[in-house]
Amino acid sequence: MKFAIVVYGAPYSDQASRSGYLFTRAVLEQGHDVYRVFFYHDGVYTANALAVPPQDEADIQLDWATLGKDHDLDMVVCIASALRRGMLDKAEANRYEKHAANINPQFTISGLGQLIDASLQADKIVTFGV
Amino acid sequence: MSQVLFVMSRSPGTINAQEGFDALLMGSAFAQCSVLFLGDGLYQLLKEQNPEPIGSKNYTKGFSALTDYGVTGVYCSESQLREIGIDSREFSIDVQQLADADINRLLTEHDTVLSF
């Protein structure tokens with residue numbers, strides 16, 4: 001089955017990001033396809049490459065990035081949600097003349113059309129958060 | 001054309017509600033979209049909104065453009081409306097009130113449901 005995953009909640013503030021990760025991992029382990037993971041609302045913080053959680057806690061951002069790399073996942077961060085919350089990749093940081101970029105390159109910034117496309121292409125869309 | 005139902009259940013002061021509306025407008029470019037207001041989301045429909053003093057944008061002004069975007073189905077829960085004591089004459093747009101059984105049917109009729 002082809003899944004689309006949507007994450008609305010920020011890591012640590014909300015269980016959504018962790019649950020979304022565990023679900024996505026389980027789906028992949030069972031041999032299903034993940035068409036796209038879309039991060040919206042506070043879920044965009046999952047793409048933060050600068051998080052440094054304590055060593056005895058789960059590194060939610062790193063876990064997502066690693067899962068994405070291992071399975072070549074299309075992990076998309078909503079551009080409007082991201083910019084509003086100070087989540088920038090290098091291109092956006094240059095465009096808005098900000099001094100730093102913080103989005104892990106494993107994630108791509110794109111528009112809301114990617115959410116709609118995912119909801120139309122996937123057999124199941126599963127949302128975490130709200 | 002695929003039919004997508006957007007379910008709005010957050011109060012109008014939240015960014016999730018505002019970003020949900022953005023998603024609805026974007027969705028209307030790709031699919032036949034309808035919108036259902038439930039729970040705290042019903043407060044988004046009130047016409048007298050002035051959230052600017054608390055640093056919030058009044059995105060609900062955009063509701064009047066929904067028909068221009070081809071979003072023809074605008075629904076809300078009749079029973080929940082009664083529960084919170086809002087008169088639909090206080091709404092900024094025309095909304096079709098649905099009984100609970102009709103809401104269940106609406107949810108199953110659509111190919112995709114996105115909640116905000």
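A polar contact is a pair of N or O atoms within 3.5 Å, where within protein one atom must be able to donate a hydrogen and the other to accept it, and where residues adjacent in sequence count only if both atoms are side-chain atoms. By that criterion, the side chains of Asp87(B) and Arg89(B) are joined by a polar contact of 2.7 Å. The model is predicted, so that local features need pLDDT of at least 70 and side-chain atom pairs count only at pLDDT 80 or more, while totals for chains, interfaces and linings use all residues. Residues are numbered from 1 along each chain as its sequence is written, chains are lettered from A and ligands numbered from 1 in the order in which they are written, and side-chain values use heavy atoms, with hydrogens and water left out.

**Chain A**

- Chain A has five helices and five strands (DSSP runs numbered from the N terminus, with H or I of at least four residues for helices and E of at least two for strands), and read along the sequence they follow the pattern β-α-β-α-β-α-α-β-α-β.
- The radius of gyration of chain A is 14 Å, which agrees with the value near 14 Å for a compact globule of 130 residues; this radius is taken over C-alpha atoms, and the globule rule is 2.2 Å times the number of residues to the power 0.38.
- The C-alpha trace of chain A spans about 45 × 40 × 30 Å along its principal axes.
- Of the 130 residues in chain A, 46% are buried, where buried means under 20% relative accessible area, exposed over 50%, and partly exposed in between (1.4 Å probe, protein chains only).
- Among the contacts in chain A (heavy atoms within 4.5 Å) between residues at least 6 apart in sequence, 78% join residues at least 24 apart.

**Chain B**

- Chain B contains three helices and five strands, arranged along the sequence as β-α-β-β-α-β-α-β.
- With a radius of gyration of 13 Å, close to the 13 Å that the globule rule gives for 116 residues, chain B is as compact as a globular protein of that length.
- The principal axes of the C-alpha trace of chain B give spans of about 40 × 30 × 20 Å, and 48% of the 116 residues of chain B count as buried.
- Of the contacts in chain B with a separation of 6 or more, 72% are between residues 24 or more positions apart.

**Interface of chain B and chain A**

- The contact takes 20 residues from chain B and 14 residues from chain A.
- About 1,400 Å² is buried between the two chains, with carbon and sulfur atoms giving 64% of that area; buried area is the accessible area (1.4 Å probe) that two parts lose on being put together, summed over both.
- On the side of chain B, Glu19(B), Leu114(B) and Phe116(B) lose the most area to chain A, together 34% of what that side buries.
- Across the interface there are seven residue pairs in polar contact, both residues being at pLDDT 80 or more.
- The elements of chain B that give two or more residues to the side touching chain A are β1 (3–8), α1 (15–28) and β5 (112–115), and α1(B) gives the most, with nine residues.
- The residues on that side of chain B divide into ten nonpolar, seven polar and three charged, where Ala, Val, Leu, Ile, Met, Phe, Trp, Tyr, Cys and Pro count as nonpolar, Asp, Glu, Lys and Arg as charged, and the others, Gly among them, as polar.

**Salt bridges**

- Glu19(B) and Arg84(A) meet through their side chains in a salt bridge (2.6 Å, N to O).
- Asp63(A) forms a salt bridge with Arg18(A), with the closest N and O atoms 2.7 Å apart; Asp63(A) lies in helix α2 (residues 60–71) and Arg18(A) in helix α1 (residues 16–29) of chain A, so the pair ties together parts that are 45 residues apart in sequence.
- Asp117(A) and Arg36(A) meet in a salt bridge (2.9 Å, N to O), which links helix α5 (residues 113–121) with strand β2 (residues 33–39) of chain A across 81 residues; Arg36(A) counts as buried at 7% relative accessibility.
- Asp87(B) and Arg89(B) also form a salt bridge, the closest N and O atoms being 2.7 Å apart; Asp87(B) counts as partly exposed at 30% relative accessibility, whereas Arg89(B) counts as exposed at 67%.
- Salt bridges that share partners join Asp42(A), Arg84(A), Arg85(A) and Glu19(B) into one network.

Conventions
Salt bridge = Lys/Arg side-chain N within 4 Å of Asp/Glu carboxyl O.
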